[in-house]
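Please go through the following briefing with the sequence and the model side by side.

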Amino acid sequence: MNSQSSSGLTVPQVIPAADLPDDAERFDVVVVGFGIAGGCAALEAARSGARVLLLERAAVHGGTSSMSGGHFYLGGGTAVQQATGQKDTVEAMVRYLMASTKNPDEQKIRAYCEGSVAHFDWLEELGFEFERSYFPGKAVIQPGTEGLVSIHGCC
Ligand SMILES: Cc1cc2nc3c(=O)[nH]c(=O)nc-3n(C[C@H](O)[C@H](O)[C@H](O)COP(=O)(O)OP(=O)(O)OC[C@H]3O[C@@H](n4cnc5c(N)ncnc54)[C@H](O)[C@@H]3O)c2cc1C
């Protein structure tokens, strides 16, 4: 059974769990969309022991994420920053983002900055490799495999 949502999309009606047949597949977590956000959410839910269903409507997963430059905006003293001598702190990162964001939400920015080093470590633990090198020039995309670049003219 379907119903019309306020956005005009047809969405399936919610079926009470008690009405499901015994052999219906069951999941603890359903993630809709397999871009980087959905992928990360599904991964962490599965690592926490949940049975996860990750849905993607396109023929291939990846979404906008697969077309992106692949830069992670991280700071506050990551291992690459430390290894390349780029001094940074959570407070400096907060100040920069507060100053460069239109209508900044300090609480969100602060939470993002406070979690930034852990975010970096999480990615490396998953197998992402960030070269311990710094591209000092002005660039949107660094020319080589440098693990750290100050993005200019972006976003
Ligand atoms: C050219 C370009 C370069 C960029 N470079 C960078 C960069 O270097 N660094 C950076 O941080 N950001 C960059 N960005 C921004 C970044 O790519 C996006 O912010 C990010 O990819 C969004 O990720 P997401 O997982 O939220 O969405 P997406 O990656 O778009 O994933 C959403 C997925 O959900 C699926 N979906 C949507 N609706 C449904 C549905 N109803 N049912 C099932 N599936 C559905 C879509 O098909 C898609 O696969 C760039 C963007 C562009 C366009």
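Two strands are taken to pair if DSSP finds at least two bridges between them, and helices (H or I, at least four residues) and strands (E, at least two) are DSSP runs numbered from the N terminus. This is a predicted model, in which local features need pLDDT of at least 70 and side-chain atom pairs count only at pLDDT 80 or more, while totals for chains, interfaces and linings use all residues. Residues are numbered from 1 along each chain as its sequence is written.

**Strands**
- Strand S3 (residues 29-32) and strand S4 (residues 52-55) run parallel and are joined by 4 bridges, with Val32 standing opposite Leu55 in S4.

**Ligand shell**
- Around the ligand there are 21 residues, of which Gly33, Gly35, Gly63, Ser68 and Gly69 come nearest; a residue is near a molecule if its C-beta atom, placed from the backbone, lies within 6 Å of it.
- Helix H1 (residues 36-47) contributes the largest share of this shell, with 3 residues.

**Helix H5**
- In helix H5 (residues 116-126) the buried residues are Ser116, Val117 and Phe120, where buried means 20 or more other C-beta atoms within 10 Å of the residue's own, exposed means 12 or fewer, and partly exposed lies in between, with C-beta atoms placed from the backbone.
- The face turned away from the buried side of H5 carries the exposed residues Ala118, Glu125 and Leu126.
- Just after H5, Gly127 takes a positive phi of about 115 degrees.

Note on methods. Right-handed = clockwise from strand over helix to strand, strands pointing away.
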